[in-house]
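Here are some notes for when you have the coordinates open.

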Amino acid sequence: MLEKKEILDVEKVIRDFEVITKDAENVQRETLKMILEENGCAEYLQNLGLNGRTDPESFKACVPLVTHKDLEPCIQRVADGVFSPILTGKPITTISISSGTTQGKPKFVPFNDELMETTLQIFRTSFAFRNKEFPIENGRALQFIYSSKQIKTKGGLFAGTATSNVFRNSQFRKAMKAMQSECCSPDEVIFGPDFHQSLYCHLLCGLIFHEEIRLVSSTFAYSIVLAFRTFEQVWEELCDDIREGVLTSRITFPSVRSAMAKLLKPNPELADLIEKKCSGLSNWYGLIPELFPNVKYIYGIMTGCMEPYLKKLRHYAADVPLISADYGSSEGWIGANINPSLPPESATYAVLPNIGYFEVIPLKENVEEHMQDNGNVSFLSMEPKPVDLTEVRVGEEYEVIITNFGGEMSCSP
């Protein structure tokens, strides 16, 4: 019996988004209530004197602003195998290892089913808006994604990069199928033990399915640039593989070779076509649309420290739109890109008020207390205080404070 393919109802996703964002203040109160009710039995909250209260006013009065460093001892106890509720009411079974560092070492961040669901909600929301602007259907995605090997903590919890924890979750592939964005590479390539071998096989899979590729993506823009710089070096070897239907000896892991053997068949016509296209390019300009004629856009994090890679990425992309991915941190997701037509340098993000409770601290104090002293005006500098998400003002800059379902309570990323 064939599995029924569920397609994401993008119109419903957009309607739901409009409902929660138009009523953001009430949604935020309800979200905080849910977080505190679910985690109220946790040791961390028990020690702060909330006593079952779930309103924002009590939360702000009792729960201090913290950084990850402040929560580190609690997280370490979880990683070491203390299974009593410490930060969350439900047990934490997985740890994310951040790409950023605290005092020179990666951070441990709790990861659970609720955080996985918020990840998928962010993905669905941004996809819904992208698909209205750049509709894709009946195709595949060339995704340069990699899942590093998970380790086990002292307490037996699985620990890996945040992306590895997402890619290994059973809900990820189901969600990608619903968004018609399923990776063209088999799992053995994504979870391969060697990055360079997986990258080569991603390129090979993309070429095999070249007419079906509707989008090219990776977590970061840098990874896409690296992939096509690698293509410049190995394209003739890739053509040999396709022509002969035999995988290069540079791929040594049996599981990867076995998976690729199921896809790779002798195809001299395709090899000749790729050779002709590559030989006709000038300094590899427009390589991506030349290889993948039906590609609609290129997607990945392209803001912040990824901006320097945009020039080279545009060189490969020619006229194919670049769309920056969503906004988040090691501690959790914050917002979705709902304006995909904007260039990455101008990307904006909409905070989803039901994936966490958000406060913000003004980076520059906007209000000063004026004190009259013998006719002279003096100024009393005030420490910036957190304000609610719905109290932000256009044009001001803020630092985001996250409280989410994974035990990050009033935490500054």
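Predicted model: local features only at pLDDT ≥ 70, side-chain atom pairs only at ≥ 80, totals over all residues.

1. Start with the kink in α11: the bend is about 70° and is centred on Val234.

2. How does the end-to-end span of helix α11 fit its residue count? The helix covers residues 221-244, and its 24 residues should span 34 Å at 1.5 Å a residue. Its end C-alpha atoms lie 32 Å apart, which agrees. Just past the end of α11 comes Gly245, with a positive phi of about 75°.

3. Another glycine with a positive phi sits in a turn: Gly156, at about 90°, in the hairpin formed by β5 and β6. Five residues separate the two strands. β5 (residues 151-152) and β6 (residues 158-161) run antiparallel and are joined by two bridges. If you want a pair to click on, Lys152 stands opposite Phe158 in β6.

4. Now the second largest pocket, which holds about 630 Å³ of space. It has 19 lining residues, and the closest to its centre are Tyr327, Tyr349, Val351, Tyr398 and Val400.

5. Which strands each supply at least two residues of that lining? They are β12 (350-351), β13 (357-362) and β17 (398-403).

Definitions and conventions:
Residues numbered from 1 in each chain as written. Heavy atoms only, no water. 1 Å grid on protein atoms, 1.4 Å probe; cavity = no way out; pocket = protein on both sides within 12 Å on 5 of 7 lines; lining within 4 Å. Points joined across faces, edges and corners; volume = space filled by probe spheres on them. Helix = DSSP H or I, 4+ residues; strand = E, 2+ residues; numbered from the N terminus. Pairing = 2+ DSSP bridges. Expected span 1.5 Å × (residues − 1). Bend = angle between axes of the 7 residues up to and from the residue.
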